[in-house]
Structures are given as structure tokens and as C-alpha cells.
Amino acid sequence: MERKTSKLANVFLLIVFFILYAPIFFLIFYSFNSGGTMYNFESFTLDWYKELFSDVRLFIIVLNTLVVALLSALFATIIGVIGALGIHAVKRQSTRNTLLSLNNVLIVSPDVIIGASFLILFTISGYKLGFYSVLLSHIAFSVPIVVLMVLPKLSEMSSSLVDAARDLGASSWDVLTKVILPFISPGIMAGFFMALTYSLDDFAVTFFVTGNGFSTLSVEIYSLARRGVSLNINALSALLFLFTIILVVVYYFITQRQKLNAVGVKK
């Protein structure tokens, strides 16, 4: 009975993965089509990729996207770690639950509402839409993600580690930098990569807060798709998918290295 259940679970899992990845591979496959359409594959070509790399404007947009993603992930990680430490330090359970609820508002709220709220805020304050408005918005919706990634690691940490460090004469700064941060580093790395991927993938919020002369890949792909089907979009999607795989592989090796280091310390 258990074997039949496991086989059905494996089949169901394969079907789910096929549904998820089939459209992506369909896009990648037709990015090599010389016919210029997604109906009939005529012959193999790299012309769409050559055209993509020769587009200076698109290259600038890619740089904009990467800079916003890296900076927002970095600042969100710093703020999120501080926020997680603050929430964890709260002794009263009701206060802690209230802070967690406030932290989760941006996660459960629809992206359209968040984007419209930021647009209204920047408009009322007279803040010019552009690079900094996008950066601030991405930091804002990435901070709660980092907090949720870091808090479980703080909960796993035994208070005896901090007490032992203080008994040995460690200052508050030494306890933070040499005990707490190394212990929660897997959560910090997970929060950073989650914030990075959220920033790279975001469209709804970015669409509201971008100004004239500044754009990101998600907004640019949307504008290209509205003009009509072009295999440039396929080529760009293929490169983005490859970049995402590289990020996942890098994150996997970092986490594996941290686990090996943790095992070595225990021994």
C-alpha cells in the first residue's frame, strides 16, 4: 500500500513539475527559432541573442535591475536582521505577536495595493519617481521577508550560548558579532537571497513607482509583450532563467559549506 502511495506521489510530483517548467522550456526552445514566430520552428539560430546583446538600452535596464536588486537585498538584510533581533528580544508574548503581525502586513497584502500606496506616498511627499523610489520600495517589501528568515534561527539558538559568552567576559558587541550573527548566518543568507529574488521578480510594485527614464527588466518585458510577440522576449527569458539557476546553485553551495563548517565546529 505504501509503495502504491509513493508511486502516485511521484507521478503527481512529476506532473506538477511538468506544468511549472513546460512553459519555460517552450520559451527557451523558440528563442533559437529563425522563423521569428512561436508557431513553426524553422531552423536553429542565435540571432535573437545577438540582437539582445547589441541592444544598449536593454543592457542599461539589466544593470538597473541588478543594482536595485543587490542594493535592496543588502539594505533589507541589514534592517531585517536588526528588526528580527529586536522582535526576539521582546519578552512579552502579546507585544511580540503584534510586532510579527505588523511585519507580515506587507507580505500578505496584494502587490497592487502596496505599489499604489507607495505611489501615493511619493506623490504626496513630492518625491521624484525613479531609481530611488524603486529602491526604497524594494527595501520596504523585502525587510519582512528577511525578518521571517532570521527569526527561526534566533529561536533555535540556546540562551546558554549568550550566557556563556558573557561569563567569559565578552562585551555586548562581541556577543553579537562572534556568537549571535555566526549562529544565525544561514538565516541571514536565506533572507538575502530571498530578498534578491523578490526584487528581481517584482513587477506590480515596480510598475507603480518607476518614473520616466528609469525601468527594470520586469517592466521592460511587459512593455515589449504589449507591442507584440517578439523572440527577443524569449531570449531574455532564457537568460533570466539561467541567471536564476546560477543563484540557486550558489545558494546551495553556500548552505552546504555552512553545514560542513557547523559539523566541524561540533566535532
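Thr-216 is buried in this predicted model, with a relative accessible area of 4%. Buried means under 20% relative accessible area, exposed over 50% and partly exposed in between, for a 1.4 Å probe and protein chains only. Thr-216 is found in the loop between α10 (204-209) and α11 (217-227). Helices are DSSP runs of H or I with at least four residues, strands are runs of E with at least two, and both are numbered from the N terminus. Leaving aside neighbours within four places in sequence, Thr-216 is in contact with Ile-61, Thr-65 and Thr-206. Contact here means heavy atoms within 4.5 Å.

Residues are numbered from 1 along each chain as its sequence is written. The model is predicted, so local features need pLDDT of at least 70 and side-chain atom pairs count only at pLDDT 80 or more, while totals for chains, interfaces and linings use all residues; side-chain values use heavy atoms, with hydrogens and water left out.

Thr-244 is placed in helix α12 (residues 231-266). Thr-244 is partly exposed, at a relative accessible area of 37%. Between Thr-244 and Gly-211 lie 33 residues of sequence separation and a C-alpha to C-alpha distance of 27 Å. Leu-102 belongs to helix α4. With 58% relative accessibility, Leu-102 counts as exposed. Leu-102 and Leu-70 are 32 residues apart along the chain, and their C-alpha atoms are separated by 25 Å.

The protein chain as a whole has 12 helices and zero strands. Its C-alpha atoms fill a box of roughly 75 × 65 × 35 Å, taken along the principal axes. Of the 267 residues in the protein chain, 33% are buried. Among contacts with a separation of 6 or more, 71% join residues 24 or more positions apart.

The largest nonpolar core holds 27 residues. A nonpolar core is a set of buried Ala, Val, Leu, Ile, Met, Phe, Trp, Tyr and Cys residues joined through side-chain atoms within 4.5 Å. Val-150, Leu-154, Ile-180, Ile-184 and Leu-196 touch the most other members. At least two residues of this core come from each of α3 (56-89), α6 (131-156), α7 (159-167), α8 (172-183) and α9 (185-201). The largest share, eight residues, is supplied by α6. Ile-184 touches Val-81, Val-150, Lys-153 and Leu-154, not counting residues up to four places away in sequence. Another core, of 16 residues, lies apart from the largest one and includes Tyr-30, Met-38, Leu-217 and Phe-241. In soluble globular proteins, nonpolar side chains tend to be buried together.

Helix packing was then examined, starting with α6 and α9. Their axes come within 8 Å and cross at roughly 155 degrees. Axes are lines fitted to C-alpha atoms, for helices over the stretch in contact, and angles run from 0 to 180 degrees between N-to-C directions. α6 and α9 are therefore roughly antiparallel to each other. Angles under 35 degrees count as roughly parallel, over 145 as roughly antiparallel, 65 to 115 as roughly perpendicular and the rest as oblique. The crossing of α6 and α9 is right-handed. A crossing is right-handed if the near helix is turned clockwise from the far one by less than a right angle, and left-handed if anticlockwise. On the α6 side, the residues that meet α9 include His-138, Phe-141, Met-149, Val-150 and Lys-153. Their partners in α9 include Pro-186, Ile-188, Met-194 and Tyr-198. By class, this contact of α6 with α9 has 11 nonpolar, five polar and one charged residue. Ala, Val, Leu, Ile, Met, Phe, Trp, Tyr, Cys and Pro count as nonpolar, Asp, Glu, Lys and Arg as charged, and the others, Gly among them, as polar.

Helix α4 (residues 93-108) also packs on α6, at an angle of about 130 degrees and with axes 8 Å apart. That makes α4 oblique to α6. Their crossing is left-handed. α4 contributes Leu-100, Asn-103, Asn-104, Leu-106 and Ile-107 to the contact, and the α6 residues include Phe-141, Pro-144 and Leu-151. The contact of α4 with α6 has 11 nonpolar, two polar and no charged residues.

For α8 and α9, the packing angle is about 60 degrees, with axes 4 Å apart. That makes α8 oblique to α9. Leu-181, Pro-182 and Phe-183 of α8 meet Ser-185, Pro-186 and Ile-188 of α9. Five of these residues are nonpolar, one is polar and none is charged.
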